[in-house]
Amino acid sequence: MRRGKKWSEEELEYLEDKWGAVSIKGIAKKLNRSVNAVKLKAQRMGLGDARSHFDGITVSQLSLVLNTHYGILKNWIKLYDFPARKKVFAAENKVLVVTYQDFWKWAKENRHMLDFSRFERLSLGPEPKWVEEKRKADQIKKLHVPKPHNTPWSKDDDEKLKWMLNQFKYTYPEIAEELKRSQAAVKRRILDLGLKQRPIRLPNHIKYSPEEERLLIDLLGKGYCFEEIADRLNRSALGVRGKAERLGYKFKNGVPYLEKEIG
DNA sequence: GTGTGGCAATATCTGTATAG
DNA sequence: CTATACAGATATTGCCACAC
């Protein structure tokens, strides 16, 4: 003869999902059961220790693994739906965490935001298949644009830029490669320095063949940088970017998407 | 159509600080 | 030592205009 309520499917699911993520007290309250009843059920389900059950990482630790900054992850949470949530471990403190599963799901959609060359493979658990190619793309990007983001322009950099412009024989790809920055960065710097000279333009009457368009779309989706795609198409990164726009792509923090696609 | 001009907006990064 | 907050500086991105 049982005295307790029978556990519904929904309740069991909830328990399994929140075990280790929400305090036992919280689960008990939500399910309108006693703390003991919840503990007992979890034990019988073989869920194990709530604390070690968590298959994820704190956001703070993740920022270290990714070799970025805590503030950047906070920005991703705020603006890009990074799937972090508050979790109570041992004490009262709530800490931002993300499960590996949630992380990889988000990472797939936002792969362009992540630089996989910054961390060793498998340091965040088993990696989905697409990661291998993205990491390769990121390593290639580093060859095109070796200077880390926000690297200040030195006097020498600026002088070299001016000198090259004054030769009136260098293109964006050539100047960017020499300065180890993206072509877009070079373009912006020319503007900021108030220079009147411009790199010589590449021919602008070469139509993209269907194969070229397909390659562009493919590489863009896989996360290759514009410089690499441009090299393969024998064009400029600026041009490839423009073509991507004409193909209907929009960009949000480097992540390409098509307007008509919903979700 | 294609590559690029121009510029506002914003992400990244550094540094400092606080609390547990 | 870990987790978090926040501000300032500036390098880079998003977007659309525009000349060929």
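The entries below take the conventions, the DNA surfaces and the sheet in turn.

Entry 1, conventions. I worked on a predicted model, in which local features need pLDDT of at least 70, side-chain atom pairs count only at pLDDT 80 or more, and totals for chains, interfaces and linings use all residues. Residues are numbered from 1 along each chain as its sequence is written, while chains are lettered from A and ligands numbered from 1 in the order in which they are written.

I counted a residue as near a strand if its C-beta atom, placed from the backbone, lies within 6 Å of it. I found 28 residues around DNA strand C, and Thr-58, Ser-60, Pro-152, Ala-185 and Phe-251 come nearest. Elements giving two or more residues to this surface include helix H4 (59-65), helix H10 (183-192) and strand S4 (249-252). Helices (H or I, at least four residues) and strands (E, at least two) are DSSP runs, numbered from the N terminus.

Entry 3, DNA strand B. I found 34 residues around DNA strand B, with Arg-198, Asn-204, Ser-236, Gly-239 and Gly-242 nearest. H13 supplies the largest share of this surface, six residues.

I looked up an open sheet of three strands, ordered S1-S3-S2 with antiparallel pairing; two strands pair if DSSP finds at least two bridges between them. Its edge strands are strand S1 (56-58) and strand S2 (85-88), each pairing on one side only. S2 and S3 are joined in the antiparallel sense over four bridges, and Val-88 has Lys-94 in S3 as its bridge partner.
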